[in-house]
There are 2 protein chains.
Amino acid sequence: MVLDPTKHADWEIAEEAESRMKTVYQLRDELGLEEKELLPYGHYVAKVDFAKVLDRLKDRPDGKYIDVTAITPTPLGEGKSTSTMGLTQGLGKRGKNVIATIRQPSGGPTMNVKGSAAGGGLSQCIPLTPFSLGLTGDINAIMNAHNLGMVALTSRLQHEFNSTDAFLERGNLKRLNIDPRNVEMKWIIDFCAQALRNIIIGLGGRRDGFMMSSGFAIAVSSEVMAILSVAKDLKDMRERMGKIVVAYDKRGNPVTTGDLEVDGAMTAWMVEALNPNLMQTLEGQPTFVHAGPFANIAIGQSSIIADRVALKLGDYVVTESGFAADIGFEKFWNLKCRMSGLTPNCAVVVATIRALKAHGGAPLPMPGQPLDPAYSKEHVEWVEKGCENLIHHINTVKKAGINPVVCINAFHTDTDNEIKAVRRLAEDAGARVALSKHWQYGGEGALEFADAVIEACNEPNDFKYLYELETPLRERIELIAKEVYGADGVEYTPEAMEKAVRMEKDPEIQKLGTCMVKTHLSLTDNPMLKGVPGGWKLRIRDILTYQGAGFVVPVAGAISLMPGTAANPAYRRIDVDTETGKVEGLF
Amino acid sequence: MVLDPTKHADWEIAEEAESRMKTVYQLRDELGLEEKELLPYGHYVAKVDFAKVLDRLKDRPDGKYIDVTAITPTPLGEGKSTSTMGLTQGLGKRGKNVIATIRQPSGGPTMNVKGSAAGGGLSQCIPLTPFSLGLTGDINAIMNAHNLGMVALTSRLQHEFNSTDAFLERGNLKRLNIDPRNVEMKWIIDFCAQALRNIIIGLGGRRDGFMMSSGFAIAVSSEVMAILSVAKDLKDMRERMGKIVVAYDKRGNPVTTGDLEVDGAMTAWMVEALNPNLMQTLEGQPTFVHAGPFANIAIGQSSIIADRVALKLGDYVVTESGFAADIGFEKFWNLKCRMSGLTPNCAVVVATIRALKAHGGAPLPMPGQPLDPAYSKEHVEWVEKGCENLIHHINTVKKAGINPVVCINAFHTDTDNEIKAVRRLAEDAGARVALSKHWQYGGEGALEFADAVIEACNEPNDFKYLYELETPLRERIELIAKEVYGADGVEYTPEAMEKAVRMEKDPEIQKLGTCMVKTHLSLTDNPMLKGVPGGWKLRIRDILTYQGAGFVVPVAGAISLMPGTAANPAYRRIDVDTETGKVEGLF
């Protein structure tokens, strides 16, 4: 009774599968969770009390840890989330106790044009409606915690402006002298609201706030989200929550959420959000959906807490790192695993014939426009040339000391000769290669993929970081640029250089992780350059710090923290069946 | 082991009681709910699938329906929520199958100075932390639904401004010609964010929105919240969601959420929120917490759905109507009951000796300032004079044809002579009177109160509306002004008069309910006038329409839809115990 993905929309497939999905009580029993460790949110979604589980199972060895990353994608995406779900289902079909850990989508793309990234076809995370529409409220909690910080900042500016020192002292408030022209933090909302990108606030009289420029970012780009993704536990989150730099005072000293005395209340809004959310694949494997930080100013991956819990409960844990291996896997490797102390066993590089052709010289696909006919015909030479990009990413995984598996995410237009070329070249580069048809056939289509991953996981590996925490900032950046991106070196704008020099002298900053910002559409910092470009230098424009999240962020590309809603967005086609209560039109 | 409320903060009392509270599974069994009708959110809060329950119990007669309202309060509040919880606990002590239905608090007051209105002392709703911090996410759902409407509005303005007709037609979009200077709807956020009250949005380039003035209101003032409070079911909510007027076009015609094609997606965010939230009193009586609309532009009361479900499940249902009887009870009577078709059996008028003294001539209490010593000494003459206000509200309840009960919410400074005076005067006016000590003693202190309510409920009554839906708008306003407020008549500004005349000719508008805006601090439209002022006319400044919620709103007072955060707000004292995960400092 499974629906055919060539004939049905993702939401129709999800809805059909949901009619016979497991309850969270079944999942609880299968996972061996105790009753009090499961916090149901309805009958098909639950939170898991991570602190109780980690305490109970602290002596149990971790399962195998698999990261799914990709070659440099086209703007159409190459099915990484679908492959993550497909691999999980394939491992399930092979009888393995497997758990997936994935990100929670933002309401912005879900209501706009991208959709909710629950996978696709016969490889999806369900139930789709809560997945797409806020789940158990973690992003809303982030929104409330973050915006409460902004309320504290803006009302403090107003009250300090309006009041005498004597009045402030009566309320036990010290004058912070915040510089309204040097405010780092913006408000957040979880939609693509370009009209709120640049705003002026505080118009009106003396009780209507303090007039200044401000703006909104999308909620998932919040530092509070970044904190949720890396926090080890509640104590760690509480400490981080007080370190967020919201602005600078008139002397240039940072003003934090702790200085505003709002960090405790911000944490209060976040306590429940720390517990990962339990869902399932279309074929019933448990799936933790937890945190969804932006990839450009944070790790862009699901939470450390979810991975820790999953590794105690599962023999195989499949997670996903946003974008291509140069972005997602590099952050998984040097940031997420370092912060968690967890050791991966294998990394999957997802490739499509389409993207390989694009890297090999075919006309670049553009979203919203018909695909060039070149993509529906055999072009082995483009595929072979494009494999240079794939091999570059295979080598990146090997530099981390773990075993690469290439997953060719099958399309019906792929030809045998094209597939053979990829197999040959990737195997020569030292990777296992599997053709996978999980989109069309679910876990049954991912058996070769699952087998390759099982083999790779059970082979010895030697996981090691690219740099140590003692490595100075500019050396770290150079290592990433040369070893991961294939650059010849690094150039800095004068502003960025000044910051780098200053940061290298600050032992507090030196301890932080390095989280690069660069386009995912090229190995270089120019999104138009495909394949493996040579003879270029990475240009660092600026260096940001997120002290709560614990990142120094060298910026080698544009950061847009508020996408825009298109003229023809998805919300036009979303509705509710008022008889059944079911939501239609999500994807 | 119950804590003494004279020595412990509300949150400490709540925390102690929570250590032995019932699970939602126990509450489910006590209520006779079926397994699938309960949607747990953790083990101590649940949603109840109202559609399933109402369908299963459609033939069961309703329980007794009790509204708790009050005399005209001082700005300190007179303990209406505490009395609602106390009465519920008292009826529980008398062995009755009783359910309370109350509003969900807004994050704004909870983080600012007012607190979360869960009751107080030994009469509270628990667990306090989820109650205070967003519960199951209904307000967040409202925020997302509402703000998605604003995204649709603002991005449409931008795309129409930037694009040719041909481009719009390709996306199947018709030009709406929205007038950016005639936009009704604002964004919402659930905090007191005065800095966002008046803002300019859309600064930047042509892809950064359309530049215009805008602003944020507090989330609970949203028309989407008003809809949640009055919707009968999902179908009704879906229809209302498309009727919200967001702006006017350049010819002055209304532009709705339906015109923006965003009403289906807005409803999708709200499906779960329609199910009422199940909590409990400190003594374990089931309590539905659902919706929390502003009292000044909506009914200011918990939802119709929650009351409908509670009346099927309970023999006694205690609900609360915001502010004094002239505001809260009048809306309960002529709006909420008319929309629900439910018939109340009794209304409680809560009075304190403090407020009666204020009405009788004592110096007016001011928040944040020490209470005048007059309030801690016996002043029977002030109490007697102040009873004029109480009697006025008793008469209002009698005009609705139901039985009034006066609850004297006891303070330790009250004297026997003062209490006796109230008893005598209120009984002479035809009310039952009970002294109640539920704040200090919980249900045990509310037995006299419970007995009076049981008697009143079991006496015949003759519920009738003040006006019929056929009554023209100005006649309705005059009836409310004269019969409920005690005015001599009504005056209109020219603008309001023009609107009234126009609306009376529109049969669609004529069908809507009439929802007055007036201060709750006086029977008149001047908050400084206490007691029962005579010789005044109600002045109508404007008349608004909320077509989604179904209200015409005559405005006889200032409407502030975005409160301000004070210099010394509650969030400074809220924190989390990182060992236990418990939130401290809520009240």
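The model is predicted, so local features need pLDDT of at least 70 and side-chain atom pairs count only at pLDDT 80 or more, while totals for chains, interfaces and linings use all residues. Residues are numbered from 1 along each chain as its sequence is written, chains are lettered from A and ligands numbered from 1 in the order in which they are written, and side-chain values use heavy atoms, with hydrogens and water left out.

**Domains of chain A**

Chain A is assigned domain 1 (10-133 + 273-457), domain 2 (138-269) and domain 3 (473-555). These bounds come from an automatic or database domain assignment. The C-alpha centres of domain 1 and domain 2 of chain A are 35 Å apart. In chain A, 29 residues of domain 1 are in contact with 20 residues of domain 2. Contact means heavy atoms within 4.5 Å.

Domain 1 and domain 2 of chain A bury about 1,800 Å² between them, 68% of it on carbon and sulfur atoms. A:Leu274, A:Phe294 and A:Met339 supply 26% of the area that domain 1 of chain A buries against domain 2 of chain A, more than any other three residues. Buried area is the accessible area (1.4 Å probe) that two parts lose on being put together, summed over both.

One salt bridge crosses this interface of domain 1 and domain 2 of chain A. The side chains of A:Lys47 and A:Asp138 meet in a salt bridge at 2.8 Å, N to O. A salt bridge is a side-chain nitrogen of Lys or Arg within 4 Å of a carboxyl oxygen of Asp or Glu.

**An enclosed helix in chain B**

Helix α14 (residues 353-360) of chain B has eight of its eight residues buried, so it is largely enclosed by the rest of the structure. Buried means under 20% relative accessible area, exposed over 50%, and partly exposed in between (1.4 Å probe, protein chains only). Helices (H or I, at least four residues) and strands (E, at least two) are DSSP runs, numbered from the N terminus. The buried residues of α14(B) include B:Arg354, B:Lys357 and B:His359. They pack against β17 (346-351), α15 (380-399), β18 (403-409) and α16 (416-428) of chain B. Just after α14(B), B:Gly361 has a positive phi of about 130 degrees.

**A loop residue**

B:Leu561 sits in the loop between β24 (551-555) and β25 (575-576) of chain B. B:Leu561 is partly exposed, at 25% relative accessible area. Beyond neighbours within four places in sequence, the contacts of B:Leu561 include B:Ala217, B:Phe294 and B:Ile297.

**Salt bridges**

Side chains of opposite charge can pair when their charged atoms come close. The whole structure holds 75 salt bridges over all chains.

| Pair | Closest N and O atoms |
|---|---|
| B:Arg238 and B:Asp263 | 3.1 Å |
| B:Asp326 and B:Lys518 | 2.8 Å |
| B:Glu504 and B:Arg474 | 2.7 Å |

B:Asp326 lies in helix α13 (residues 325-340) of chain B and B:Lys518 in the loop between β21 (513-514) and β22 (537-540) of chain B, so the pair ties together parts 192 residues apart in sequence. B:Asp326 is buried at 0% relative accessible area, and B:Lys518 is buried at 7%.

B:Arg238 is buried at 16% relative accessibility, and B:Asp263 is buried at 12%. B:Glu504 is partly exposed at 23%, and B:Arg474 is partly exposed at 28%.

In chain A, salt bridges link A:Glu34, A:Lys36, A:Glu37 and A:Arg56 in a network.
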